[in-house]
Amino acid sequence: MTRQNIKKRAAELSKQNSETGIFAAAVPGVLSALTGLLSPFAQGGFLIGKNKVFLDIARQGSGKLEDIFVGFKSINTYTKGLLLHIIKSLYLAVGTALLIVPGIILRLRFLFAELIMADENITALEALEKSRYLTKNRMDEVFTFELSFLPWFLLGMIPILGWVLMAVYIIPYYKIALAAYYSTLKDEAIRTAERKANFRYPGGTPTRKRLDAGAAAAQQNFAQQQAYAQQQAYQQQQAYYGYQTAQQQSVQPQDEQQ
């Protein structure tokens, strides 16, 4: 799916799910702002829920409002979301402090980390690693995708009118498009890994370690299949020669009688 198709589909879905999109985009920001110094803790709790809503909209065409609070349902889920929010924020802060370019690169590399965590039951570091894996060798493509939304975000900086537009359309539109883009890249990564390794991964996008393990398993499986095929051929050959010998033995007595 091309970037234009992704954005076109996301625009349609954001209109069809306007209330859900606005709720998922605005509520976490408003509640986080109201909590003041506790904002990171609130953001960590909403991280999984709001991204799950946008993923469901991108994949299924609709999402549930109550899913926005799924990050608060257990300590384990909440802790994962909070850790990802803190670790990613630290990475971006350090990258931006060094220079603007490293900050941009880190942002692009870890762009899908929140969506990955909402999509799979994994740790914060695994989500960051999978995001890096998905964006590897695609940095120019991901940068172009992000850059295509710049006019919208510049429009959203206009006082009052732009702020309203940002809340009711721009953010939901961008988040749904990002979720659809992530889903497309994940599907492509899984198909590529399966094709290269001749191995089917039962789950999410494979990391480099799982890819190597899958290739080794596929090679071993191929060797076993070859050995089995050779064994079958040998048995068939032996059966054939056994049949030929039996035929010759049955013919010889008849020849002698004649």
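Reader: Is Asn137 buried or exposed?

Author: This is a predicted model, in which local features need pLDDT of at least 70, side-chain atom pairs count only at pLDDT 80 or more, and totals for chains, interfaces and linings use all residues. Residues are numbered from 1 along each chain as its sequence is written, and side-chain values use heavy atoms, with hydrogens and water left out. Buried means under 20% relative accessible area, exposed over 50%, and partly exposed in between, with a 1.4 Å probe and protein chains only. Because its relative accessible area is 72%, Asn137 is exposed.

Reader: Where is Asn137 placed?

Author: Asn137 is not a glycine, although it has a positive phi of about 65°. Helices (H or I, at least four residues) and strands (E, at least two) are DSSP runs, numbered from the N terminus. On that numbering, the place of Asn137 is in the loop between α7 and α8.

Reader: Is Ile160 buried or exposed?

Author: Ile160 also calls for attention to its backbone, as it is not a glycine and has a positive phi of about 65°. Its place is in the loop between α9 and α10. Since its relative accessibility is 58%, Ile160 counts as exposed.

Reader: How many helices does the secondary structure of the chain come to?

Author: Read along the sequence, the pattern of the chain is α-α-α-α-α-α-α-α-α-α-α. There are 0 strands, and the number of helices is 11.

Reader: What percentage of the contacts in the chain with a separation of 6 or more comes from residues 24 or more positions apart?

Author: Contact means heavy atoms within 4.5 Å. Of the 258 residues of the chain, 38% count as buried. Among contacts with a separation of 6 or more, the share from residues 24 or more positions apart is 63%.

Reader: Which residues does Tyr181 touch, not counting residues up to four places away in sequence?

Author: Tyr181 lies in helix α10 and is buried because its relative accessible area is 4%. Its C-alpha is 10.0 Å from that of Asn5, a residue 176 places away in sequence. Not counting residues up to four places away, Tyr181 touches Ile6, Phe112, Glu141, Val142 and Phe145.

Reader: How far apart are the C-alpha atoms of Leu47 and Lys80?

Author: Leu47 belongs to helix α3, residues 39–60, and is buried because its relative accessible area is 4%. Leaving aside neighbours within four places in sequence, it is in contact with Gly81, Leu84, His85, Glu114 and Met117. Lys80 is 33 residues from Leu47 along the chain, and their C-alpha atoms are separated by 9.4 Å.

Reader: Are α4 and α5 roughly parallel or roughly antiparallel to each other?

Author: Axes are lines fitted to C-alpha atoms, for helices over the stretch in contact, and angles run from 0 to 180 degrees between N-to-C directions. Angles under 35 degrees count as roughly parallel, over 145 as roughly antiparallel, 65 to 115 as roughly perpendicular and the rest as oblique. The axes of α4 and α5 are 6 Å apart, and the two helices pack at an angle of about 155°. Therefore α4 and α5 are roughly antiparallel.

Reader: Which residues are the closest to the centre of the largest pocket?

Author: On a 1 Å grid over the protein atoms alone, a pocket is an open set of points where a 1.4 Å probe fits, with protein on both sides within 12 Å along at least five of seven lines; lining residues have an atom within 4 Å of a point. Grid points are joined across faces, edges and corners, and a volume is the space filled by probe spheres set on the points. The volume of the largest pocket is about 850 Å³. Of its 31 lining residues, the closest to the centre are Arg107, Leu111, Glu146, Tyr174 and Lys175.
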